[in-house]
Each structure stands twice: as C-alpha cells, then as structure tokens.
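User: I have a model open and want to go through it with you. Can we start once it is on screen?

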Amino acid sequence: MAAPSAVAPGRRPRRFPWHIVVFLAPAVAVYTAFMVWPLIDTLRLSLFRLDEVGQTVFGGIDNYVRLLTDDRWSPRFWNAFQNNVVFFAIHMLVQNPIGLGLALLLTQRVLRGRAVYRALIFAPTVLSVVIIGFIWKLILSPLWGIARDGLQAVGLEDLFGPWLGVPDTALITVSLISVWQWVGIPMILFSTALLSISDEILEAARVDGAGKWHTFWSIQLPLILPTVGIVAVLTFVGNFNAFDLIYSVQGALAGPAFSTDILGTFFYRTFFGFQLQLGNPIMGATVAGMMFLIILFGVCLYLFGVQRRLVRYEA
Amino acid sequence: MTLRFARPGQLAERVVVHALLIGYTVVALFPIVLVVMNSLKQRNAIFSEPVVPPNGETFSLIGYETLAKRADFPGYFGNSLIVTLSSMALVLVIGSMAAFALSEYRFRGNRLLGLYLALGIMIPIRLGTVSLLQTFVALGLVNTHAALILVYTAQGLPLAIFILSAFMRDVPGELKDAARIDGASEYRVYAMVVPLVRPAMAAIATFTIIPIWNDLWWPIILAPSRQTATITLGTQQFLGQFVSDWNAVLASLTIAMVPVLILYFLLSRQLIRGILGGALK
C-alpha cells in the first residue's frame, strides 16, 4: 500500500513536507472556492430574508416553512417534487431494468460483435441532452408525423397523440426520452458487475442443471446487488438534479400547465424569474437547499441503509 | 466453442440474443440517423418521405447554408473547445497532483481530506448556483471563459482524484523508492508515476469532456453572451429562433452531434473501459 514517506524517520531531521502542500493546494483551493464554499454560502443565504428596507436579516428556517406551506410557493414546490418522484420512478422501473437486460445479453459467454453492440447502444448517452430533447420533439411532432406513421405501420395509429402537449402524458413522455438517453450507464455498470462474477460459480450452477433464468435469480442478481444500489443512488442524484431536458423540450415553464416541472426547472424559475415574476435569489437558495436535503437524504439512505446491508453478499 | 459445433438449442438462443441486441441498437440509433439523413434533404422530401435516405433528386444543403449565414457555429465551436480543453487539462494536472499526494504520503488528515474531496462526486455543483453567480459578478467574470473553466474544473476534480488515487496506489513502491535512492525529488517521482497511470488519465479525460461539452446550465447562467456561448447553448438558442425552418434545425442538430459521435467512436474503447475500470475500483 502506501509507500514510505519521503521523510524517512531517523535518517534526516524532519522537515516540513512542503511538497505535499504543493501537490494538494491547487485542487483543494479550486474545489473549495468553486464547489464547497458556494454550496455552504447558498445554504447560509437560504436562512436569511429581506426586511422592509431591503436589508438581509437572519430568519432561521422561515424560508423553508414558506416554501413548504405558503400558498404562493408550496403548490408549485409540491407539484415539482411530485413530478420529480414520478420522473425518478420511471427511470427506476424502465431505464434500470432495460439496462440490466442489455447487460445480461452483452455478457453472454459467446457473443460476436459484443464491443460493437456496446458502443452503438451507448452512443446516445454521449450526446447533449439539448440535442436529444429536440430530436425527440421533432420525431413526436404531429407535424412531421414520424411517430404517427410508425404506429400506423403496426396498426396502432389510435394510440398516437400530441404526447408532449397534453398534461396527462407529457411527464411520462419526457421521462422516457431521458430513459432512452441514459440507459447506457446502467448497462455498462451492470455489465461490469456481471463480468466480475467468477466463471466457476456459473459453471457449477450449469453443471447442477440450473437454467439461465434460475441462475439469474438465485446467483447473478444477489451477487450484483451492490451495483443495483450504486445504480439506484446515481439515478436518484441525477434525476433530482435534472434540468436540461425539460428546459429544452418544454421550456422554462415546464409546460403544459407545469405538468413537467421538476425541482431543477422550479429552481431555475425561482432564482431567475420568468415572465412577470422577478427572480428571487433568497428563495432560489431555499429551493437549492431543499434539493440538497433531498439528495443528501438519498445518498445517506444508500450509504447507511443499503450499502451496509449489501456488503455481506460480496463474493 | 464456435458456431459450427453449437447444438440446435444453443443456436436458437444465440439468434434470439442477436435479434434482441439488434432490435435495441436500432431503437438507440434510429433517431440519430433520421436527423442526419434528413438534414441533407430538401424541405418537401423531409416531410413526404422522412425515412428514405437523400438521393440525387432530394439532396440539398440549404439548411447548412442558413446556418452559415445566420449563426456563428464556428465561434460556438471555438468557445466549447477552449472551455472543454482547458478544464480537462486543469482537472488532469491538479487532479493527478492531489491524487498522488493522497495515495503516496501518510500524513495527518489524509483520509479526511480524501473524503472531503470525494464528497463532490455525489453532491451536484449546481446547488451552489446562487452564490457562485454572485461571486462571479463580484469578480467581474460573468460572460468569460474563465468562469466556466473554473466551475467545470471544480466539478471534474472529485471523481478524477478518487479514481486516479485508486490507480496510483497500485503503482509498485519499489519503482518510486529506486528513483528516490537515485536522488530524484518528489516532483520527479510524481512525473514518473503519471505516465504509468495513462489508461486512467485517458478515461478521466473522456468523462470530464463529455458533460462539459454537453452542459447547458452553466453557459446559460454564467456566460450567455453571443461571444462566449458554447455549442450546446448556441444550438439551443438557434433551435429556439428557427423552430419552423426544418432544414436549418436538422442541420444544426447534425452539426452539433456529428463531431461528438466521431470522437466517441474513435475513443469508445477507452471510454467504456474507463467506466468499467473506474467502477471496479
């Protein structure tokens, strides 16, 4: 493991190890100044309010109480939160199982063209969300009619509708676009986990006459549970911090009728304002603070709840 | 075992596996191919026969001509290149220095510092936006490349340090000690270790670049001016203005996608291996 320190005890008098400082200082400085401090400062700002003359005064958790209960803020906040939960649920129920399925296919022992499939399926993941969002907007547009023609070809044209324009279907549609883009990440992570299961275990199962299905449920799945946990927490953090897709497909107002509004777009509008409402840095900081608490809750749940319990399974 | 000796059951199974994979590959690529293909067609052909590739009759570059006249795509490209490459270089240099210190020396607070630097892997930098914007306004750095570079460097460092220090721990101690006995300074030992973790550096470089190149949030907030707009922001604004000009829209989507895809297919091996390696560590 760690090699002996440059200052070997006993040989030379101990000097202050300046080189360690030189190595660490730039990274610690940039990281602290532009990542940690802004976060702390934003959280601090969320605890203040403006008084009548425009001075900031300490208000404790007043802003949070207002965000969660005041009629001017809470309906929009809870709407965004609920939509975000749905957005996350769709990723968990669609993206991650498809990712796992593709990983199982890609880790077959004999498979020609493995690298080609993997590279092609992963391709959408490297593209900008803005581009992906717009491409799907065009494809789903009744004007171009690609989606309609496609459904027509399989006799399902009755299903077609302006999905992005109707409140009932917009959120699901946007979520599925996001799923389409990001499925490559769970696919790769699950592939890694599946490849790290030793061949002997799988061979033993095969000799015992276990079928593929049985092998998956009773051997592979339990062994990759730690990765399931990692994928879940990555999905959680990514989803509760998402913004770009909604902004580029549905605009800052996350229409129709705020049906696709998630915390990221709500945060953007609160901070910068939109149409007639002025931007509000303090409430913006408060929304960011709530997002921080939500993400922190998810990460802690994973670190202290899920991960601890899963360590046992590791082979 | 080759295909020739496969039992019928195995053969059927393989056919199913390939059919499923080909099916999903089509799902993944169809939208991209559709856009690239139609960007090279005349307007009426885009609508009348969208799934047919351009031919002698329907071929047209009108969308790209509109782009050349109406938008500064070369400028956006330049901005994205400056911001992305500078951030990547900074992440690699100062990230590898920090990773070297954390993996090489035993000093008080080492683990705590490692943990501190790793926090940023999970906590999105976006949450500090309100304060960061105030800071950059105060520093007079709004609408500069520098603002974006500093934020992206801070954002890329945690994962880079985490992965690089895991790789650097695997570099054998004898090598470093031999160099020290020969009188090499600690800085020289660092310079010797970096090339040994080249695969990890390549992986970090690729997955530092991609989110920066694709990011919309920070360009909108910190550098929305025409002079500093990145390709992602430029495309987004252009799409907003030219919604009804389908040729121009498809051309701008293609222009924004194709370079990334080319680079991706050239580097996909390292990238995917990097994610695999990073995940295994």
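**Working through the model**

Analyst: F258(A) sits in the loop between α12 and α13 of chain A; helices (H or I, at least four residues) and strands (E, at least two) are DSSP runs, numbered from the N terminus. This is a predicted model, where local features need pLDDT of at least 70, side-chain atom pairs count only at pLDDT 80 or more, and totals for chains, interfaces and linings use all residues. Residues are numbered from 1 along each chain as its sequence is written, and chains are lettered from A and ligands numbered from 1 in the order in which they are written.

User: What is phi of F258(A) near?

Analyst: Phi of F258(A) is near 60°, which is positive in a residue other than glycine.

User: What about A257(A)?

Analyst: A257(A) is not a glycine either, and has a positive phi of about 55°. A257(A) is found in the loop between α12 and α13 of chain A and counts as exposed, with 12 C-beta neighbours inside 10 Å.

User: Which peptide bond is cis?

Analyst: The one from G255(A) to P256(A), with omega near -10°. P256(A) lies in the loop between α12 (244-250) and α13 (263-272) of chain A.

User: Zooming out, what does chain A have in helices and strands?

Analyst: Chain A has 14 helices and four strands. Its C-alpha trace spans about 85 × 80 × 30 Å along the principal axes.

User: What radius of gyration does chain A have?

Analyst: Chain A has 25 Å, whereas a compact globule of 315 residues would have a value near 20 Å. The radius is taken over C-alpha atoms, and the globule rule is 2.2 Å times the number of residues to the power 0.38. Buried residues make up 39% of the 315 residues in chain A.

User: Helix packing next. How do α8(A) and α11(A) cross?

Analyst: The axes of α8 (residues 184-195) and α11 (residues 225-239) of chain A come within 9 Å and cross at roughly 160°. Axes are lines fitted to C-alpha atoms, for helices over the stretch in contact, and angles run from 0 to 180 degrees between N-to-C directions. α8(A) and α11(A) are therefore roughly antiparallel; angles under 35 degrees count as roughly parallel, over 145 as roughly antiparallel, 65 to 115 as roughly perpendicular and the rest as oblique.

User: Which residues make the contact?

Analyst: P186(A), L189(A), F190(A) and A193(A) of α8(A), with T227(A), I230(A) and V231(A) of α11(A). Contact is C-beta atoms, placed from the backbone, within 7 Å.

User: Now between chains: how do α1(A) and α4(B) cross?

Analyst: The axes of α1 (residues 18-45) of chain A and α4 (residues 73-104) of chain B come within 8 Å and cross at roughly 130°. The two helices are therefore oblique to each other.

User: How many residues are in contact between chain B and chain A overall?

Analyst: 71 residues of chain B are in contact with 65 residues of chain A. Helix α13 (residues 246-280) of chain B gives the largest share of the chain B side, 13 residues.

User: Where is A248(B) found?

Analyst: A248(B) is in helix α13 of chain B, and is buried, with 24 other C-beta atoms within 10 Å. Not counting residues up to four places away in sequence, A248(B) touches G63(B), T66(B), L67(B) and F242(B).

Definitions and conventions:
Two residues are in contact if their C-beta atoms, placed from the backbone, lie within 7 Å. A residue is buried if 20 or more other C-beta atoms lie within 10 Å of its own, exposed if 12 or fewer, and partly exposed in between; C-beta atoms are placed from the backbone.
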